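Here is a short tour to read alongside the model. Keep the viewer open and follow each section in turn.

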Amino acid sequence: MESTRRVRIAVLSSEGETVLRSLLDWLHHEDELRGRVVLERAAPRSGEMGGLVDALVVALGSGGAGAVLARSLSTWLWQRRSDLKITITSDGRTIELDAQRVPDVQALIREVGGLLGDQEPGR
């Protein structure tokens, strides 16, 4: 039986929910992640019918899906034109990124890969 880890990706941007939906679409194009990425809604506040989209949740199994997520997320970030703040949480560990344009994509891949456990940090 394959164990699954949950990775939560929250994105704060002036583009609002649009940027999170863009990332969802981007990740759906990765074969290894297809069917493993869903939108997470915040709990509705008093008087609201439903919560706003809050984050993406990625279910990672074994087989290098974490490395695929790290590379794909890094490439997506590198192509963004707006300022973003991204928070990635997995297994109680968190990485926060403030990005306008990511200058060192390889360093970002290593950091995210280290968090996801598919790569050793610093390698």
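## A buried strand residue

Leu60 counts as buried, with a relative accessibility of 1%. Please keep in mind that this is a predicted model. Leu60 belongs to strand S3. Select Val7 as well: it lies 53 residues from Leu60 in sequence, yet the two C-alpha atoms are 7.3 Å apart in space.

## The nonpolar core

The largest nonpolar core is made of 30 residues. Ile9, Leu33, Leu69, Leu77, Ile86 and Ile88 are the ones with the most contacts inside this core.

Several elements supply at least two residues each to this core: the strands S1 (5-13), S3 (53-60), S4 (84-90) and S5 (93-99), together with the helices H1 (17-28), H2 (65-79) and H3 (105-116). Of these, H2 gives the most, with seven residues.

H1 has 12 residues, and the distance from its first C-alpha to its last is 17 Å. That is close to the 16 Å expected at 1.5 Å a residue.

Which residues of H1 are buried? They are Val19, Leu20, Leu23, Leu24 and Leu27. These residues lie on the same side of H1 because they cover an arc of only 145° around the axis.

Asp91 is not a glycine, but its phi is positive, at about 50°. The residue sits in the loop between S4 and S5. Is Asp91 buried or exposed? With a relative accessible area of 54%, Asp91 is exposed, as the cut-off for that label is over 50%.

## The largest pocket

The largest pocket has a volume of about 190 Å³. It is lined by 12 residues, and those closest to its centre are Ala10, Val11, Leu12, Ser13 and Asp54.

Where does the lining come from? S1, H1, S3 and S4 are the elements that give two or more residues to the lining of the largest pocket. S1 gives the most, with five residues.

Note on methods: Residues numbered from 1 in each chain as written. Predicted model: local features only at pLDDT ≥ 70, side-chain atom pairs only at ≥ 80, totals over all residues. Heavy atoms only, no water. Core = buried A, V, L, I, M, F, W, Y, C linked by side-chain atoms within 4.5 Å. Buried < 20%, exposed > 50% of the residue type's maximum accessible area, 1.4 Å probe, protein only. Helix = DSSP H or I, 4+ residues; strand = E, 2+ residues; numbered from the N terminus. Expected span 1.5 Å × (residues − 1). Arc of directions from axis to C-beta. 1 Å grid on protein atoms, 1.4 Å probe; cavity = no way out; pocket = protein on both sides within 12 Å on 5 of 7 lines; lining within 4 Å. Points joined across faces, edges and corners; volume = space filled by probe spheres on them.
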